[in-house]
Amino acid sequence: MVKMRMKRCVTSSAKINVRNDIYSAIKPLFYISKIIGLAPFSYNENHKFGFQISRIGTLYSLFLCVLLTFLFGKVLIWRIRTLFLNQKFIVGFVVICDSCLFAISIIVSYFLSATFNKNKLLKFLRLVSNVDLCINVSKISYKRILILVTSTIILVIVFYVMLFTVYYLYVKPYAPSFRGNIIYFLFSFLGEFMAIHFTYSVLLLKHRFDRVNNCLLAAFDVDERTLDELQSEIVATSCTCKSMPETISGNLKEHIGGTVVESRMNSDDTPKIITRNVSTKINDTCTNNEKYDLNFRIKTLRTMHSILCEAVQLTNSMYQIQNLINLMEIFLKVILFLFAGLSFLSRYITCGHNPWGWKILSWLALITCMKVFRLVTVIWVCQGVRNAAGRTGNLVHKLLVIKDLHKDNIKELFLFSKQVLDRPIQFSTCGFFLLDFAVVNSMAGAVTTYLIILLQHGTQSIDEFVEICNSA
């Protein structure tokens, strides 16, 4: 009978959402990703799930992977000759490592998209679509995601047009390799869309966790503010009875979550707590249909939460390698920018004003700010999903403490609580560290350490460093 009810729930929701699914929300990102080779899929409205693996798209992704590998190898050989033949070993090694990590993350993304990740991504989209059918995501929510995705794509394109304009007008006269920097722009642009894939995959999960939390509150016909107020009343009553007995006089009766609490004064002026559980009376007045309906809702939300946890694991497995390489590349990029700033400051103190040096430094500042902003955004969305999933556990525990429920409903909530505790939500980079704001603190300390090491070997002049940065 539970399966019949579940099937009925999914069927009724599917009729509502037949024209509003995840495809309508990510349509711009889907087609741009197909053009650049990061989405080897096709969409068919007549298909059960809509998305299908495309053989042509897979071959196209592999072709771009080989092409980008060839371009990267060609530019890498030129950079090695330029830097190491001129005996710029210290900074040159850091620059080449930065360039290698940056390009490798893109090449790995294309290779995984065409091989292992295509089945995982397809499964992820199906899991999210199944959750949407059951929790009945509204049409407005899809439109909000669509507007957010479209705005992000437009901002990225505008930013790169502006970045290329600045480069062409101010930096190109001092750059020895225009072709090498064009390839750098290409890799950087593709890397932004890889980061957008991960960011919006996590944002979709955050929205679904929030929706599960709202459905959980709606199932008990209560809001979180009311739960907090009832919890505060319980704490206040307990503290009043234990720590301030002289203020209690007469009878104090309150109804909190189906339990009558009476506080009477004994002859020795100490409070006596008499608790009478009225759950039996309440359960007797409830119909079996109401108990069963609430039990079914809890079980459905517990299933949706389990599906979302599986989607989180899929997302982490798809992008953990790319995130690890990107964090290493951002780490080196920040070191290079700070070293360039100190080098230019030293040159400015010894030789006076140098206008073209400011242009190069501004160019490096734009690139570094873009990388740091990407890092903060990725960490922020990962932390948001963890908070939303943790909020589910808090709500379940509050409902167990405050609400008076039937024993079957309590059993389902206990199972829900155990499921939340046994499946913590976290995003990691191949198990090395978690993607949270503690990473920023660790990176700041590491950047300071390695910057001191570079400065101990002597500050490069701004002329030499400009040549290194242009060749990078």
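# Briefing: a predicted model, helix by helix

Threonine 58 sits in helix α4 (residues 55–84). The model is a predicted one: local features need pLDDT of at least 70, side-chain atom pairs count only at pLDDT 80 or more, and totals for chains, interfaces and linings use all residues. Residues are numbered from 1 along each chain as its sequence is written, and side-chain values use heavy atoms, with hydrogens and water left out. The protein has 15 helices and 5 strands. Helices (H or I, at least four residues) and strands (E, at least two) are DSSP runs, numbered from the N terminus.

**The whole protein**

- Of the 472 residues, 46% count as buried. Buried means under 20% relative accessible area, exposed means over 50%, and partly exposed lies in between (1.4 Å probe, protein chains only).
- The accessible surface comes to about 24200 Å². Carbon and sulfur atoms hold 62% of that surface. Accessible areas come from the Shrake-Rupley method with a 1.4 Å probe; for residues, only the protein chains shown count as cover.
- Take the contacts with a separation of 6 or more: 78% of them link residues 24 or more positions apart. Contact means heavy atoms within 4.5 Å.

**Confidence**

- The mean pLDDT is 75, and 73% of the residues reach 70 or more. pLDDT is the predictor's confidence in each residue, from 0 to 100.
- Confidence is highest in α3, at a mean of 90. Confidence is lowest in strand β5 (residues 271–277), at a mean of 35.
- Residues 1–19 have pLDDT below 50. Beyond near neighbours in sequence, this stretch has 22 contacts in the model.
- Residues 242–286 also have pLDDT below 50. Beyond near neighbours in sequence, this second stretch has 75 contacts in the model.
- Where pLDDT is low, the predicted coordinates should not be read in detail.

**Helix α3 and serine 33**

- Helix α3 spans residues 27–36, and its buried residues are Leu29, Phe30, Ser33 and Ile36.
- Seen down the axis of α3, these buried residues fall within an arc of 135 degrees, so they line one face of the helix. The arc is that of the directions from the helix axis to the C-beta atoms.
- An α-helix has 3.6 residues a turn, so residues three or four places apart point the same way.
- Serine 33 counts as buried because its relative accessibility is 1%. Leaving aside neighbours within four places in sequence, serine 33 is in contact with Leu38, Ala39 and His197.
- Serine 33 and leucine 190 are 157 residues apart in sequence, yet 9.4 Å apart in space, C-alpha to C-alpha.
- Glycine 37 follows α3 and has a positive phi, near 90 degrees.

- Threonine 58 has 9% relative accessibility, so it counts as buried. Not counting residues up to four places away in sequence, threonine 58 touches Pro40, Ile53, Ala114 and Lys118.
- Asparagine 117 lies in helix α6 (residues 117–135). Asparagine 117 counts as buried because its relative accessibility is 7%.
- Beyond neighbours within four places in sequence, asparagine 117 is in contact with Leu112, Met318 and Gln322.
- Phenylalanine 124 is also in helix α6. At 1% relative accessibility, phenylalanine 124 counts as buried.
- Not counting residues up to four places away in sequence, phenylalanine 124 touches Ser201, Leu205, Ala311, Leu314, Thr315 and Met318.

**Positive phi in two loops**

- Aspartate 221 is not a glycine, but its phi is positive, about 55 degrees. Aspartate 221 lies in the loop between α8 and α9 (224–243). Its relative accessibility is 71%, so aspartate 221 counts as exposed.
- Cysteine 430 is not a glycine either, and has a positive phi of about 60 degrees. Cysteine 430 is in the loop between α13 (407–422) and α14 (438–456). At 34% relative accessibility, cysteine 430 counts as partly exposed.
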